[in-house]
Protein chains: 2
Amino acid sequence: MTLFIDMDEVLADTYGAHIRFYNDVYNESLSKKDCLGGEVWQSVPKERQSSIHEHCYEKGFFRNLKPIENSIEVVRELDKYYNIYIASAAMQFPNSLEEKHYWLEEYFPFIPWQQRILCGNKHILKGDILIDDRKYNLESFEGRSLLFTSPHNVNTNGFERVNTWGDVASLLL
Amino acid sequence: MTLFIDMDEVLADTYGAHIRFYNDVYNESLSKKDCLGGEVWQSVPKERQSSIHEHCYEKGFFRNLKPIENSIEVVRELDKYYNIYIASAAMQFPNSLEEKHYWLEEYFPFIPWQQRILCGNKHILKGDILIDDRKYNLESFEGRSLLFTSPHNVNTNGFERVNTWGDVASLLL
């Protein structure tokens, strides 16, 4: 069975990085709870939104993300039973391409380069299961779609949902 | 119809770049004809082979490749009738990821980032047609496979072959 796993907000805590950046720059105390149902930039005053967008293009942003809790342990276990591919819609951020490679080398070295995909649209993927936090990626996938909970998608319906990597382990192991 | 197009030796002349590099460094006059049926490194003396491998990892190698003859014109025409995705097995060369992005921005800007894929294995691609120079990419593809001629594959059989972008135009336009 082929299992595709998204990176941002599934393996790597992009959302948390946006919040940390915002709090550091503006001396605020924004939390994930404050942003539920939207993107981080949508939860801050208008005149501060562009700085969050620009931050993604800065050198080091994608290299310095923290792994999502328990993702490494569970993916290592899943790797014994599934053909795992890490599939990230990275082409939007050219600066992220090499950084994502080195991030995976650090945290998921047991998934070799042959099993890494940096793409734009994900509807060209052929496989059995996709774990992703974005509705538009999941709805074009022909196999089983698992919506990984992120603050931005708490109001998204119509998909089998996993809230944590513990949930993924319960379902797939 | 979804059409996948490989980069190295289909859109970008990697083979020619290896030969130019070799001739420059060793003051030789190796040609594509001298290498038919093998890789460039296989056609040079043993003690010089590793320098060709190492060259691929040098900054600028993938950024400075020349487009294959007529590739831009024909892909621009195909783009009117097909959903085109450029799919490159780039993950082997981390330094190539960003360079390939900028190379495509220069020569194929009409194929947007949403339609670019940098991957390892290509058997996760779901679509109708794949144009590639490597047997191992084509044989795992479920759709129509077109083998694009490169000096290294002249003895490969079992695939519908296109020798030039003119051939591709005749078949697909």
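I began with a term: a nonpolar core is a set of buried Ala, Val, Leu, Ile, Met, Phe, Trp, Tyr and Cys residues joined through C-beta atoms within 7 Å. Buried means that 20 or more other C-beta atoms, placed from the backbone, lie within 10 Å of a residue's own.

A note on the source: this is a predicted model, where local features need pLDDT of at least 70 and side-chain atom pairs count only at pLDDT 80 or more, while totals for chains, interfaces and linings use all residues. Residues are numbered from 1 along each chain as its sequence is written, and chains are lettered from A in the order in which they are written.

**The core.** I looked up the largest nonpolar core and found 81 residues in it. I5(A) and I5(B) have the most contacts inside it. Leaving out residues up to four places away in sequence, I saw I5(A) touch V10(A), L11(A), V75(A), I84(A), I86(A), A87(A) and I131(A) (contact: C-beta atoms, placed from the backbone, within 7 Å).

**A helix pair in chain A.** Next I turned to α4 (residues 71–78) and α7 (residues 165–172) of chain A, which pack at about 15° with axes 9 Å apart (helices are DSSP runs of H or I, at least four residues, numbered from the N terminus). α4(A) and α7(A) are therefore roughly parallel, a label for angles under 35 degrees. I noted that S71(A), V74(A), E77(A) and L78(A) of α4(A) meet W165(A), V168(A), A169(A) and L172(A) of α7(A).

**Chain B.** Here too I found α4 and α7 packed at about 15°, axes 9 Å apart.

Terms used. A residue is buried if 20 or more other C-beta atoms lie within 10 Å of its own, exposed if 12 or fewer, and partly exposed in between; C-beta atoms are placed from the backbone. Two residues are in contact if their C-beta atoms, placed from the backbone, lie within 7 Å. Axes are lines fitted to C-alpha atoms, for helices over the stretch in contact, and angles run from 0 to 180 degrees between N-to-C directions. Helices (H or I, at least four residues) and strands (E, at least two) are DSSP runs, numbered from the N terminus. Angles under 35 degrees count as roughly parallel, over 145 as roughly antiparallel, 65 to 115 as roughly perpendicular and the rest as oblique.
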